[in-house]
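Biologist: Please pick one part of this model and describe closely how it is packed. Then place it in its surroundings, and give the cut-offs for the terms you use.

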Amino acid sequence: MTKEEILTKVKEIVAEQLDVDQEKVTMNANIKDDLEADSLDVFEIMNELEDDLDIKLEADENVQTIEDVVNYVKKELDAK
Amino acid sequence: MAAIKIAASAHYVPEKKVTNDDLSQLMDTSDEWISSRTGIHQRHISCGENTADLCTKVAQELLKKSRLTADQLDLIIVATMSPDCYTPATAAIVQGNIQAVNAAAFDVSAACSGFVYALTTAKAMMGLPSYQRVMVIGGEVLSKVIDWTDRTTAVLFGDGAAGVVLENSETTSSKFLSEDLETYGDLADRLQAGSTAPLQKFPANSPHHFEAFKMNGRDVYTFATHKVPLSIETAVKRSGLELEQVDWFILHQANSRIISQIAKRLKQPLAKFPMNIAEYGNTSGASVPLLFDELAEAGQIKAGQIIVLSGFGGGLTVGTQVIKY
């Protein structure tokens, strides 16, 4: 999967979970500050990504922006 | 052929209410933080009453409502993760308090799934001729095992007890249809309360070790939102029914957002998932019968309806019962 493809998937899941427009889910957007996610939202976003992409996402503390999520998912997909 | 009916249900919670604002005076938290993440607005906290005291109040109410005398009971099962002591069982103390002299009594330890595990145990034992009238109670005084300095867990829990009387009946149209119990012992360390430790040498030079409640929030959240829907699907399938035929999903009241996710994963309307977590918080083994009793009292649960009871928590465990009321 390319970064662009991962971003499309992340946008879909984040927009659905946080009830925001996909346009707001940009690479620079901070999940908690800009998109107003709380810790349970982040759990659920990680869970959805795990289920859809068949990967395991462990720590979520260091994930701040959408770009962080995309990079983390890319790393786990590449390691599969 | 005889079938099991729920002859009565009852609940009791301690008088003292502690609001989110009360907690924000004690620790760095707020009503907004707690209610938006959990759906909890307040909880009842016991001052002076232990788990067996709460369960005894429920047992007395159950006798009154079912019009049974204590000596007619054959069995008392209490589901609890906060018993008065290692031994005797909380159920034995209740048996003594209400003088149910003919009843065997023991506890079931399966944390927040405990009531459903206990119901399943009761259902199985009611296939034996000696156990025709059974009291099943879930009761907790969690406030005594909580670390009141840990704001990530202290805000979640409350105290309370609730239960049912089950009777084998030749005439009832109600029925316990099917169940599913699952245990994930490899995740045992994700949610623990009251851990003890062996002596490191003899004679011991340190006091007995006792640890308060601790939880890995994300792992438990992931477990609940994935495994509970699976258990419900399995149990409902075993009953020969479809999810659409279920009238009420009475789930353990751990967190309103976990319940919403479970409803979403089951593709069932949230309106079929009643909640009372706002008033009581998470009362572990008491939460399923506490919600059941409130709905029964309000007349919302009607004869002939299909009800799913599902608990999930420490073990990690999940348990589901499908009942025709």
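Modeller: H3(B) and H4(B) cross in a right-handed manner, meaning that the near helix is turned clockwise from the far one by less than a right angle, with anticlockwise being left-handed. The model is a predicted one, in which local features need pLDDT of at least 70 and side-chain atom pairs count only at pLDDT 80 or more, whereas totals for chains, interfaces and linings use all residues. Residues are numbered from 1 along each chain as its sequence is written, with chains lettered from A and ligands numbered from 1 in the order in which they are written.

H3 of chain B covers residues 51-66 and H4 of chain B covers residues 90-98; helices (H or I, at least four residues) and strands (E, at least two) are DSSP runs, numbered from the N terminus. Two packed helices are described by the angle between their axes and the distance between the axes. Here the axes come within 9 Å and cross at roughly 50°, where an axis is a line fitted to C-alpha atoms, for helices over the stretch in contact, and angles between N-to-C directions run from 0 to 180 degrees. H3(B) and H4(B) are therefore oblique to each other, since angles under 35 degrees count as roughly parallel, over 145 as roughly antiparallel, 65 to 115 as roughly perpendicular and the rest as oblique.

From H3(B), the residues in the contact are B:Thr51, B:Ala52, B:Cys55, B:Thr56, B:Ala59, B:Gln60 and B:Leu63, and they meet B:Thr90, B:Ile93, B:Val94, B:Asn97 and B:Ile98 of H4(B). Two residues are in contact if their C-beta atoms, placed from the backbone, lie within 7 Å. By class, this contact has seven nonpolar, five polar and no charged residues (Ala, Val, Leu, Ile, Met, Phe, Trp, Tyr, Cys and Pro count as nonpolar, Asp, Glu, Lys and Arg as charged, and the others, Gly among them, as polar). An α-helix has 3.6 residues a turn, so residues three or four places apart point the same way.

H4(B) has B:Thr90, B:Ala91, B:Ile93, B:Val94, B:Gln95 and B:Ile98 as its buried residues. A residue is buried if 20 or more other C-beta atoms lie within 10 Å of its own, exposed if 12 or fewer, and partly exposed in between, again with C-beta atoms placed from the backbone. The cover over these buried residues includes, besides H3, the strands E4, E5 (104-108) and E6 (133-140) of chain B. After H4(B) comes B:Gln99, with a positive phi near 55°. B:Arg67, in the loop between H3 and strand E4 (75-79) of chain B, likewise has a positive phi, near 55°. B:Arg67 is exposed, because 10 other C-beta atoms lie within 10 Å. Most residues other than glycine have a negative phi, and most peptide bonds are trans.

Two peptide bonds elsewhere in chain B are cis. One joins B:Phe202 and B:Pro203, with omega about 0°, and B:Pro203 is in the loop between strand E9 (191-192) and strand E10 (214-215). Another joins B:Gly315 and B:Leu316, with omega about -10°; B:Leu316 lies in the loop between strand E12 (306-313) and strand E13 (317-324).

The chain around the helix pair holds ten helices and 13 strands. Its radius of gyration, 19 Å, is close to the 20 Å that the globule rule gives for 325 residues, so chain B is as compact as a globular protein of that length; the radius is taken over C-alpha atoms, and the rule is 2.2 Å times the number of residues to the power 0.38. The C-alpha trace of chain B spans about 60 × 50 × 35 Å along its principal axes. Of the 325 residues in chain B, 50% are buried. Among contacts in chain B with a separation of 6 or more, 78% are between residues 24 or more positions apart.

H1(A) and H3(A) (residues 66-78) pack at about 120°, with axes 10 Å apart. That makes H1(A) oblique to H3(A), and the crossing is right-handed. A:Lys3, A:Ile6, A:Leu7, A:Val10 and A:Val14 of H1(A) meet A:Ile66, A:Val69, A:Val70, A:Val73 and A:Lys74 of H3(A). By class, these residues are eight nonpolar, no polar and two charged.
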